Amino acid sequence: MIRIIRLAAALALTVSLTAGALAAGGAAISGEVRKIDESTGKITLKHGPAKSLGMEEPMTMVYRVKDPALLKQVKVGDKVTFEAEEAASGYTVTKMEKAR
Ligand SMILES: [Cu+2]
């Protein structure tokens, strides 16, 4: 019985460690704002490699934004750091702030 409890504790520890690693894996990506389209809620970002999104090479591409308010915080030419996820509707920026 004690053995089973120990096993469960070890398992719980492993799970929490894995979850922590995933959260950290939502790695911030460095980019530059190229275009903002508030009417469609999209932003064009030039960005470096983003392994978390499976993008090994730098590129410029259009992203949707999770919250339209994000588009009001930046302007074309701004250097930003952002996080994005691959959603059913396309790549979506979940967080973004000006790089300092
Ligand atoms: Cu990309």
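Residues are numbered from 1 along each chain as its sequence is written. Local features need a pLDDT of at least 70 and side-chain atom pairs count only at pLDDT 80 or more, while totals for chains, interfaces and linings use all residues.

The protein chain contains one helix and five strands, with helices (H or I, at least four residues) and strands (E, at least two) taken as DSSP runs and numbered from the N terminus. Read from the N terminus, the order of elements is α-β-β-β-β-β.

Of the 100 residues, 15% count as buried, that is, with 20 or more other C-beta atoms within 10 Å of their own, the C-beta atoms being placed from the backbone. The largest nonpolar core has 13 residues, and I43, Y63, F82 and V93 have the most contacts inside it. Such a core is a set of buried Ala, Val, Leu, Ile, Met, Phe, Trp, Tyr and Cys residues joined through C-beta atoms within 7 Å. At least two core residues come from each of β1 (29–37), β2 (42–47), β3 (59–65), β4 (79–87) and β5 (90–98); the largest share, three residues, is supplied by β4.

Neighbours within four places in sequence aside, F82 is in contact with A28, I29, G31, L45, V93, K95 and M96, a contact meaning C-beta atoms, placed from the backbone, within 7 Å.

The pLDDT (the predictor's confidence in each residue, from 0 to 100) averages 84 over the protein chain, and 74% of the residues score at least 70. Over residues 16–25 the pLDDT is below 50, and this stretch has one contact in the model beyond near neighbours in sequence. Where pLDDT is low, predicted coordinates should not be read in detail.

Definitions and conventions
A residue is buried if 20 or more other C-beta atoms lie within 10 Å of its own, exposed if 12 or fewer, and partly exposed in between; C-beta atoms are placed from the backbone. Two residues are in contact if their C-beta atoms, placed from the backbone, lie within 7 Å.
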